[in-house]
Amino acid sequence: MKIYVTSNEIPEEAIKILSNLGDVKVNPTSGPPKREDLFAEIHDADAILCLLTEKIDGELLNNAGRLKVIANMAVGYDNIDLAEAMRRGIPVTNTPGVLTDTTADTAMALILSVARRIVEADRYVRDGKWTIPWSPMTMVGTDVHGKTLAIYGLGRIGEVLAKRARGFDMKIIYYSASRKPGLEVKYEMEYVSLEEALGRCDFFSIHVPLRPETRHSIGARELSLMKETAYLINTSRGQIVDQAALIEALGQHRIAGAGLDVFEEEPVPQSSPLLGMSNVVLLPHIGSGSKETRTSMAVMAAENIASALRGMRPANLVNRDVIQ
Ligand code: DGY
C-alpha cells in the first residue's frame, strides 16, 4: 500500500500509525505540494492524508485509480469535491471534535483582542510610545462582559464559544440552519434571524462551514446591518465573508473592527488594505493551532486511513453513503 502525506509537518504519532499500514511517502517540500507533484504522487497511492490547502477535484481523481480513502486533516472539507469522490466510491474523512475547544478559544481570543486592543497595545509598548506611566484614556478599548455576542452557526465550535462567552458574562443570540432549544436553555441563548443577529450584536462570530449557500453570506448588505460599534470575528473560512465589502465597511468605519483568522486568499497578500488597519487583528489561520490539537487531528486522520485500508468504516466519514 502507498500512503501519500502532503505535508512534512505531520506529527510523528500519525506517521507511526501510517507506517504500520504500508509505504508512507511524505511531500518533502515546505508547504503544499505543487499540483503536478500531487498528480504524480496520487497516481499510485492507496490513501492520501491531505490538508485544506490541497484541491482534490475530479481532474485529480481521474488520475487516482487506486485511491481508497482521502483523509483531510481538518474539520472543513471544502477543498474536496465530494460529488467527484462519491462518483468514484472513495471515502472522504475529516477531523471533527478534537479541534472544537481550541478553535473556540481562538474565537474568544479574537473577541478579547479586538475589544481590548491587545495587539495594538503590545505594539504601542514595543514601539516606545508608552511614555506616560498611567493615563486614563491610553489604549482604552471596549468591554466584553455584558455585551451581546451573535453566533452564526451553532455547530460544535459555535456551542463551545457560547460556553466560553457565558463565562465572560456575555448575552448570546444565535442564528443557525437548525434551532437548538436544549442549548438555548443551557446557555441562555436566544434564536434570532440572521438580520436580527447582525443588527443586535456587539460581536458577530462566524461558525458556519463553507458551502455554496454560505459563500459570501456576509456581504455589504449584511455588514450594513451591524452597529458602528460592532466587531466581526471569523475563524471559519474566509469565503463566508465578502472580503472586499468588509474592507470597505472597515475603511469607512461602518463597523468598529474585525478579528480574522481566515481570508479569501491565504496567505493574505501583503498589499491587502487589512494590513494597514489598526482596528483589525489578523491571524495566519491558526484557529486549531495548539500542538495538542494538531497532533490529535493528524492521529485522527491517520486512524481514518487505517480503518479504510482495513476495509472498515472510518469513524469520521463525511460522504456517509459511500459505504453501505
Ligand atoms: C479546519 O479544521 O477546517 C481548520 O480550518 C483547520 O483547523
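A cavity here is a set of grid points where a 1.4 Å probe fits but cannot get out. Searching the whole of this predicted model for such spaces turns up one cavity of 30 Å³ or more. The largest cavity holds about 40 Å³ of space.

As for what surrounds that space, the lining of the largest cavity consists of Leu232, Asn234, Gly238, Val241, Gln243, Leu246, Leu260, Val262 and Phe263. Two elements, β10 (231–234) and α11 (243–251), each put at least two residues into this lining. Sorted by class, the lining comes out as six nonpolar and three polar residues, with no charged ones.

Turning to helix packing, helix α5 (residues 100–116) sits against helix α7 (residues 156–167) at an angle of about 55 degrees, and their axes are 8 Å apart. Angles from 65 to 115 degrees count as roughly perpendicular and those under 35 as roughly parallel, so at about 55 degrees α5 is oblique to α7. The crossing of α5 past α7 is right-handed.

On the α5 side, the contact is made by Thr100, Asp101, Thr103, Ala104, Asp105, Ala107, Met108 and Ile111. From α7 come Arg156, Ile157, Val160, Leu161, Arg164 and Ala165. Taken by class, this α5–α7 contact has eight nonpolar, two polar and four charged residues.

Key
Residues are numbered from 1 along each chain as its sequence is written. This is a predicted model: local features need pLDDT of at least 70, side-chain atom pairs count only at pLDDT 80 or more; totals for chains, interfaces and linings use all residues. Side-chain values use heavy atoms; hydrogens and water are left out. Axes are lines fitted to C-alpha atoms, for helices over the stretch in contact, and angles run from 0 to 180 degrees between N-to-C directions. Helices (H or I, at least four residues) and strands (E, at least two) are DSSP runs, numbered from the N terminus. Angles under 35 degrees count as roughly parallel, over 145 as roughly antiparallel, 65 to 115 as roughly perpendicular and the rest as oblique. A crossing is left-handed if the near helix is turned anticlockwise from the far one by less than a right angle, and right-handed if clockwise. Contact means heavy atoms within 4.5 Å. Ala, Val, Leu, Ile, Met, Phe, Trp, Tyr, Cys and Pro count as nonpolar, Asp, Glu, Lys and Arg as charged, and the others, Gly among them, as polar. On a 1 Å grid over the protein atoms alone, a cavity is a set of points where a 1.4 Å probe fits but cannot get out, and a pocket is an open set with protein on both sides within 12 Å along at least five of seven lines; lining residues have an atom within 4 Å of a point. Grid points are joined across faces, edges and corners, and a volume is the space filled by probe spheres set on the points.
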